[in-house]
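Hi,

Here is the structure I promised to pass on. Have a look at it first, and my notes come after.

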Amino acid sequence: MGFTIVGTLIAFLLLIPNFILILIPPKQIPDGFRNAGILFTILERLGQAGCLVILVIFKDNFQKFTINVWSILMVLCILLYAALWMRYVIKGQDISLLFSFGVIPIPMALAPVCAFGFAAVWGMSPWLGIAVTVLAAGHIPNSWYRYRFLTQLQKNTK
């Protein structure tokens, strides 16, 4: 155990968008927009904290940056996540931009979960793998619930 620059950089790149959401909140949040439930929210928060802490303090897993298929997939997911956030900011912070990208539902939930998952495989970190599983168990259902709420609302307003 110990501090790792590589793991901290990965965590930082995946955490930056959350600060964007705080500084530039979405517009047009509909009434009744909420999470899927307290259990999913708890799992999501535990998974987020676990992923971030494990990336920062497990230097044995993330001491050096080696390039392989897992690191490339992780970087691609981080770049996709960043691009989706830039789209959100540039296109006016409409809440629907957080939950769909063409035919792909909840890409902004899937991209960070996949990035953390690829980081777990790349760093051979079973602890990060567990944290990612907990994150996915909360984040994906919460995002899916919100996505379904928005799509149902759009159908009802047509």
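This is a predicted model: local features need pLDDT of at least 70, side-chain atom pairs count only at pLDDT 80 or more; totals for chains, interfaces and linings use all residues.

Below is what turned up when I went through it.

Let's start with the helix pair. Helix α2 covers residues 38-57 and helix α5 covers residues 126-156; their axes are 7 Å apart and the packing angle is about 145°. As for handedness, the crossing of α2 past α5 is left-handed. On the α2 side the contact is made by F40, T41, L43, E44, L46, G47, Q48, G50, C51, I54 and L55. Facing them from α5 are W127, L128, A131, V132, V134, L135, A137, G138, H139, P141 and N142.

Is L55 buried or exposed? Its relative accessible area is 0%, so L55 is buried. If you skip the neighbours within four places in sequence, the residues in contact with L55 are T4, G7, T8, I10, A11, F62, F116, A119 and L128. For a sense of distance, take A136: it is 81 residues from L55 along the chain, and the two C-alpha atoms are separated by 16 Å.

Now to the surface. Which residues form the nonpolar patch there? They are F65, I67, I72, V75, L76 and L79, and together they have about 590 Å² of accessible area. One of them, L76, is part of helix α3, which runs over residues 69-90. With 48% relative accessibility, L76 counts as partly exposed, because the exposed class only begins over 50%.

Q28 is a non-glycine residue with a positive phi, near 60°. You'll find Q28 in the loop between α1 (5-23) and α2, and its 62% relative accessibility makes it exposed. I106 is another residue other than glycine with a positive phi, here near 45°. I106 lies in the loop that joins β2 (104-105) to α4 (107-122). Where Q28 counts as exposed, I106 has 4% relative accessibility and counts as buried.

That's the lot from me.

Cheers

Note on methods. Residues are numbered from 1 along each chain as its sequence is written. Side-chain values use heavy atoms; hydrogens and water are left out. Patches are made of residues with over 30% relative accessible area and no salt bridge: like charges are joined within 9 Å, nonpolar side chains (Val, Leu, Ile, Met, Phe, Trp, Tyr) within 5 Å. Accessible areas come from the Shrake-Rupley method with a 1.4 Å probe; for residues, only the protein chains shown count as cover. A salt bridge is a side-chain nitrogen of Lys or Arg within 4 Å of a carboxyl oxygen of Asp or Glu. Helices (H or I, at least four residues) and strands (E, at least two) are DSSP runs, numbered from the N terminus. Buried means under 20% relative accessible area, exposed over 50%, partly exposed in between (1.4 Å probe, protein chains only). Axes are lines fitted to C-alpha atoms, for helices over the stretch in contact, and angles run from 0 to 180 degrees between N-to-C directions. A crossing is left-handed if the near helix is turned anticlockwise from the far one by less than a right angle, and right-handed if clockwise. Contact means heavy atoms within 4.5 Å.
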